Amino acid sequence: MTSGNLLTDHPALYEARFPDPERLAGRWAEDCLRRHGAGPRVLDMGCGTGRDAAHLHACGRTVTGADRSEAMLAHARGHHPGPTYVRADLHGFDFGRAAHDAVVCLDSTLLYCHTNAQLDGFLASCRRTLERGGLLVAEMRNGAYFLGRTNLLGRTALDSFTWQGTTYRSRTTLSVDRTAQLLRRSRVWTTDDGSPPLVQHSAWRLLFPQELRHFLTAHGFDVLELHDGPGPRTEPPWREGRLPGTRTDADRLHLVARLRTA
């Protein structure tokens, strides 16, 4: 355990660390698509292990799951069949003009667009692949949540879980790079099987609600929903029948936007 990304390089381990037996994320996304009348062709961008893509497929949709990780895609094809799984880059992809009725982007995948150019590339790609009137549904960390909440930064958070007889322990520290507008995470993994520690560094763009509205408007989208909950990772979590809120202060941000028809 000396290199790579422990969880994304080992999809089964990722699913053990982040279980979703109720398919809450997929159900939330399907609820958004259904409430806003999305057509059947869905692109799940950053599909990961394929759990959400497979749920949308089971709801009767024609789903393409896209990810950069070959390990994730191989796991998805073997464990969550139904969708078509392909390798694609979040920052720029081309499935053909008007190839989809909706793009779904869950679990902060959108925040791997670290620069304005990368975010422009993602939204331009969405605009190209979406049918006019198509939807963008996204769920992510909320940059506004970190305004003034310095208690979340610089301290070490400890966590552990056990999978197949091995206990995995993590020490995680968050910091904010204000110049780059990034939330940076340093995490050290250790196990009880004698493997050497694994140090990993990750970063997410801190997008603020009004900033996100500006980018979407510039790319031809109308924002239909933008709120902090309820959602699949909020507390309490979203359940069927719960309508979106109106605030954008908590730690998650939920977005539904429609590509203009003219």
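Because the model is predicted, local features were considered only at pLDDT of at least 70 and side-chain atom pairs only at pLDDT 80 or more, whereas totals for chains, interfaces and linings use all residues. Residues are numbered from 1 along each chain as its sequence is written, and side-chain values rest on heavy atoms, with hydrogens and water left out.

Strands of a sheet pair through backbone hydrogen bonds, in either the parallel or the antiparallel sense. Helices (H or I, at least four residues) and strands (E, at least two) are taken as DSSP runs numbered from the N terminus, and two strands are said to pair if DSSP finds at least two bridges between them. On this basis, four strands form an open sheet in the order 6-7-8-9, with antiparallel pairing. L182 counts as buried, at 5% relative accessibility, where buried means under 20% relative accessible area, exposed over 50% and partly exposed in between (1.4 Å probe, protein chains only). The C-alpha atoms of L182 and L111 are 9.0 Å apart in space, although the two residues are 71 apart in sequence.

Parallel pairing is found elsewhere in the model, between strand 1 (residues 41-45) and strand 2, which share five bridges. D44 has G65 in strand 2 as its bridge partner, and strand 2 (residues 62-67) is mostly covered, with five of its six residues buried. Strand 4 and strand 5 likewise pair in the parallel sense over five bridges, with L135 in strand 5 as the bridge partner of A102. Of the twelve residues of strand 5 (residues 130-141), nine are buried, so this strand is largely enclosed by the rest of the structure.

A pair of aromatic rings is described by the distance of the centres and the angle of the planes. Rings of Phe, Tyr and Trp (its six-membered ring) were paired if their centres lie within 6.5 Å, with planes under 30 degrees apart counted as stacked, over 60 as edge-to-face and the rest as tilted. The structure contains seven such aromatic pairs. In the pair of Y145 and F146, the ring centres lie 5.7 Å apart and the planes stand at 85°, so the arrangement is edge-to-face; both Y145 and F146 are buried. F93, F95 and F122 are joined into a cluster by ring pairs.

A search of the whole structure returned one cavity of 30 Å³ or more. A cavity is here a set of points, on a 1 Å grid over the protein atoms alone, where a 1.4 Å probe fits but cannot get out, and lining residues have an atom within 4 Å of a point. The largest cavity holds about 40 Å³ of space, and its lining includes W28, D31, E225, H227, P230 and W238. Helix 2 (24-35) and strand 10 (221-227) each supply at least two lining residues, with helix 2 giving the most, at four.

P230, one of the residues lining the largest cavity, is joined to G229 by a cis peptide bond with omega of about 5°, and lies in the loop between strand 10 and strand 11 (252-259). The peptide bond from E235 to P236 is also cis, with omega near 0°, and P236 is placed in the loop between strand 10 and strand 11. A positive phi of about 50° is found at R23, which is not a glycine; R23 lies in the loop between helix 1 (11-17) and helix 2 and is partly exposed, with a relative accessible area of 25%. A98, not a glycine, has a positive phi of about 55° and belongs to the loop between strand 3 (84-87) and strand 4 (100-105), where A98 is partly exposed at a relative accessible area of 24%.

Conventions. 1 Å grid on protein atoms, 1.4 Å probe; cavity = no way out; pocket = protein on both sides within 12 Å on 5 of 7 lines; lining within 4 Å. Points joined across faces, edges and corners; volume = space filled by probe spheres on them.
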